Amino acid sequence: MDHGHGMTSDLPPFTLERGLAYSPDTFFLVGCLLALALYGWGVLRLRRRGDAWPVGRVVFFTLGVLSVALVMCTGLNDYGMVMFSVHMVQHMVISMLSPILLLLGAPVTLALRALPVAGRSRGKGPRELLLWLLHSRYMRVITHPAFTIPLFIASLYALYFTPVFDFLMGSTTGHIVMMVHFLAVGVVFFWPIMGVDPGPHRPGYVMRMLELFAGMPFHAFFGIALMMGSEPMVGTYANPPASLGIDALADQNAAGGIAWAFSEIPSVVVLVALLYQWYRSEQRVAKRADRAADRDGDKELAAYNAYLASLQVRGR
């Protein structure tokens, strides 16, 4: 099917019959394979020099890449061109679930550990350029909550409720740009909140939770707006192919329900991850305190006991 004409032409019979068949978007297929190859190279490089890399991170990153492939390299992508509800599944997965899974894989940390340090004679290598980018003013701006939260919200309202969406859906390139945008916005929004990889902003756990919940209600409001619409609000999906046998308004209501319900899923996943990180952080602090006490023979405790004893003496 020609994605450039998805808003006017019927899905071909073979697409309808095969369902979630292999229907890759070449751009995303190459991107997914490249991401897995680079991540695998990094892990192997660490293992060869005797360094460990958590299996859990490999699993999370792989699941993140596979979630992108699922919505962009299967028949879902074909249906998403003519069904608003299926497109909304794509949007929610690639902007809210995939980024969380990818970030839990700590790809930036892996790159910093796996990339070789450039010698003085060679100037800046890939590792040095990555470090420079992480500490750049540009990165500080695009990962700041004052930028990420409005961008996260605008990606919904400014896109779907203006002619921009129909324009982008009018060509294969536009569709790819839109989906890459969704993925990128999700990554920069969740990056400081997850706090797994190093970045310019490392807020405390309470602040991260506030950032997370600041954006989620707007997703719910967006979904409710679609569900309450009395007429199709997006031109691309106003006239679905007759072969699908669906009503445009009912499909829009379903898309709204998906957007509304999906805002809860990432919230729970991220909240669990944050609480776990918080717990681990407290455990590490406690262990450091225990080790320090072992080294100094509990000097702090002895000093405190001496202080209490002095107060008792004064009180007599």
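Reader: How far is the sulfur of Cys32 from the closest cysteine sulfur?

Author: This is a predicted model, in which local features need pLDDT of at least 70, side-chain atom pairs count only at pLDDT 80 or more, and totals for chains, interfaces and linings use all residues. Residues are numbered from 1 along each chain as its sequence is written, and side-chain values use heavy atoms, with hydrogens and water left out. A disulfide is a pair of cysteine sulfur atoms within 2.5 Å. The closest cysteine sulfur to that of Cys32 lies in Cys73, too far for a bond, at 5.1 Å.

Reader: How many disulfides does a search of the whole structure find?

Author: The sulfur of Cys73 has that of Cys32 as its closest cysteine sulfur, and 5.1 Å is too far for a bond. For the whole structure, the number of disulfides found is zero.

Reader: Is Cys73 buried or exposed?

Author: Buried means under 20% relative accessible area, exposed over 50%, and partly exposed in between (1.4 Å probe, protein chains only). The relative accessible area of Cys73 is 5%, so Cys73 is buried.

Reader: Is Val82 buried or exposed?

Author: Val82 is found in the loop between helix H4 (75-80) and helix H5 (84-104); helices (H or I, at least four residues) and strands (E, at least two) are DSSP runs, numbered from the N terminus. Its relative accessibility is 4%, so Val82 counts as buried.

Reader: How far apart in space are Val82 and Thr236, C-alpha to C-alpha?

Author: In sequence, Val82 and Thr236 are 154 residues apart. In space, the C-alpha to C-alpha separation of Val82 and Thr236 is 7.4 Å.
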